[in-house]
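Trainee: Can we go through this one together? I'd like to start with the strands and then look at charges.

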Amino acid sequence: MRDVYGVAAFRSRQQVLRFEAMLKAQGVPARVVTTPRDISMGCGLSVRFPMEYLQDVRRALRRLNSGNLIGLYRAEYDGMRLRVTPV
């Protein structure tokens with residue numbers, strides 16, 4: 001089973017919650033998740049979203065204008081291992 005999704009990692013829990021709410025208000029199916037281990041810095045929480053919404057997520061990040069963003073990542077779980085790469 002292959003699962004591919006996007007992750008927006010922040011330094012602040014407040015920013016994670018604010019960004020999730022912003023995405024949901026735009027109709028993007030987003031949720032708060034534990035930050036993958038490969039992204040070792042931050043507050044421990046991130047926003048997960050389907051990769052097909054990447055452009056919507058980037059637009060929302062520009063509006064949010066947060067200096068707390070660590071980065072956007074593509075996560076791929078193949079049933080045994082999680083691979084995380086910047087996008």
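Predicted model: local features only at pLDDT ≥ 70, side-chain atom pairs only at ≥ 80, totals over all residues.

Trainee: Which sense does strand 1 take with strand 4, and over how many bridges?

Mentor: Strand 1 pairs with strand 4, residues 69–77, in the antiparallel sense over 8 bridges. Two strands pair if DSSP finds at least two bridges between them. Within strand 4, Ala75 is the bridge partner of Tyr5.

Trainee: And how many bridges join strand 1 to strand 3?

Mentor: Strand 3, residues 45–49, is joined to strand 1 by 4 bridges, and the two run antiparallel. Phe49 in strand 3 stands opposite Gly6.

Trainee: Charges next. How many salt bridges are there?

Mentor: The count comes to 6. The rule is a side-chain nitrogen of Lys or Arg within 4 Å of a carboxyl oxygen of Asp or Glu.

Trainee: Which residue forms a salt bridge with Glu76?

Mentor: Arg2 does, with the closest N and O atoms 2.6 Å apart. The pair links distant parts of the chain, since Glu76 is in strand 4 and Arg2 is in the segment before strand 1, 74 residues apart. Glu76 counts as buried at 18% relative accessibility, whereas Arg2 counts as exposed at 56%. Arg2, Arg74 and Glu76 are linked in a network of salt bridges.

Trainee: What about Asp3 and Arg48, how far apart are the closest N and O atoms?

Mentor: Those atoms are 2.8 Å apart in the salt bridge between Asp3 and Arg48. Here too the pair links distant parts of the chain, with Asp3 in strand 1 and Arg48 in strand 3, 45 residues apart. Asp3 is partly exposed at 25% relative accessible area, and Arg48 is buried at 18% relative accessibility.

Trainee: Switching topic. Where is Ser12, and is it buried or exposed?

Mentor: Ser12 sits in the loop between strand 1 and helix 1 (13–25). Ser12 is buried, with a relative accessible area of 17%. A polar atom of the Ser12 side chain lies 3.2 Å from the backbone nitrogen of Gln14.

Trainee: What is Ser12 in contact with?

Mentor: Leaving aside neighbours within four places in sequence, Ser12 is in contact with Cys43 and Asn68. Contact means heavy atoms within 4.5 Å.

Trainee: Last one: where does Thr85 lie?

Mentor: Thr85 lies in strand 5, residues 82–86, and is partly exposed, with a relative accessible area of 37%. Leaving aside neighbours within four places in sequence, Thr85 is in contact with Leu72, Tyr73 and Arg74. Thr85 and Ile39 are 46 residues apart in sequence and 9.3 Å apart in space, C-alpha to C-alpha.

Technical notes
Residues numbered from 1 in each chain as written. Heavy atoms only, no water. Buried < 20%, exposed > 50% of the residue type's maximum accessible area, 1.4 Å probe, protein only. Polar contact = N/O pair within 3.5 Å; in protein donor to acceptor, adjacent residues only side chain to side chain.
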